[in-house]
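Visitor: I have just opened this structure, and I would like to learn how to read it. Could you walk me through a few features?

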Amino acid sequence: KGLTMLPDTLGRLRSLQTLFLGNCFNIASFPEALTNLKTLTTLNLYNCGGFKSLPDTLDRLESLQVLSLQGCEKLVEVPPSLGRCLTLTTMTLWNCNVLEKLPDLSQIPKLQIDGVPEQLADWEAAQKQKRLDDAKEGKNKGGAVKAEKSSGWAAVRKGHAMVGTAASMAGQAKTREQLATARGEGDKTARGGKTPRAGSSS
């Protein structure tokens, strides 16, 4: 909470994939240098109540998939460059109560909006209508499939399916082994208790 600024050197962390800033009320600006993070996939700005704007270079974040803006109470504008983030698949915009300007974000497959100011009610309605129109034309469906592949969810789901299949096969193998063992014990019991043939000595 006592953090008042972010150093530009963060922009030199070339392998950084996730950046979470929570309850940083005293940070007034988001450094433009951070948009040099080419491998950043998740940016979470939670209760960063000091931010009034974001740099209009967000499209430099060429790997960004998830952006969360929650409780950014002084944020006035979301820059147009965000609408050019082609890899962005999920965006959360909650309780940013003084927002005055937003770009077209209808291309984002998963857009969660809540608590925007009344002056943006028309913008929100237009976004929803555009998404409905795109869905009717099949645009969102194709975008969702593309987003799923780019975000790695398809690979994750495939991995879960493979694990489930392996577990199922292991269970089947174990069951066959148990059946074979049971049959073997049954055969031994049957041989042990077999009635002697006629004429054999007691």
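**Reading a fold step by step**

Guide: Gladly! Let us start with F30, which is buried, with a relative accessible area of 7%. Bear in mind that this is a predicted model.

Visitor: How do I read the faces of a strand?

Guide: In a regular strand the side chains alternate between the two faces of the sheet. In strand β1 (residues 18-22), L19 and L21 make up the covered face, while T18, F20 and G22 are on the uncovered one.

Visitor: How does β1 run relative to β2?

Guide: They are parallel, joined by 5 bridges.

Visitor: Which residues touch the most other members of the largest nonpolar core?

Guide: They are L45, L69, L82 and M91, in a core of 35 residues. The elements giving two or more residues to this core are β1, β2, β3 (66-70) and β4. Beyond residues up to four places away in sequence, L45 touches several others, including L21, F30, F51 and L69.

Visitor: Is T90 buried or exposed?

Guide: T90, in strand β4 (residues 90-94), counts as buried because its relative accessibility is 19%, and the cut-off is under 20%.

Methods. Residues numbered from 1 in each chain as written. Predicted model: local features only at pLDDT ≥ 70, side-chain atom pairs only at ≥ 80, totals over all residues. Heavy atoms only, no water. Buried < 20%, exposed > 50% of the residue type's maximum accessible area, 1.4 Å probe, protein only. Helix = DSSP H or I, 4+ residues; strand = E, 2+ residues; numbered from the N terminus. Pairing = 2+ DSSP bridges. Core = buried A, V, L, I, M, F, W, Y, C linked by side-chain atoms within 4.5 Å. Contact = heavy atoms within 4.5 Å.
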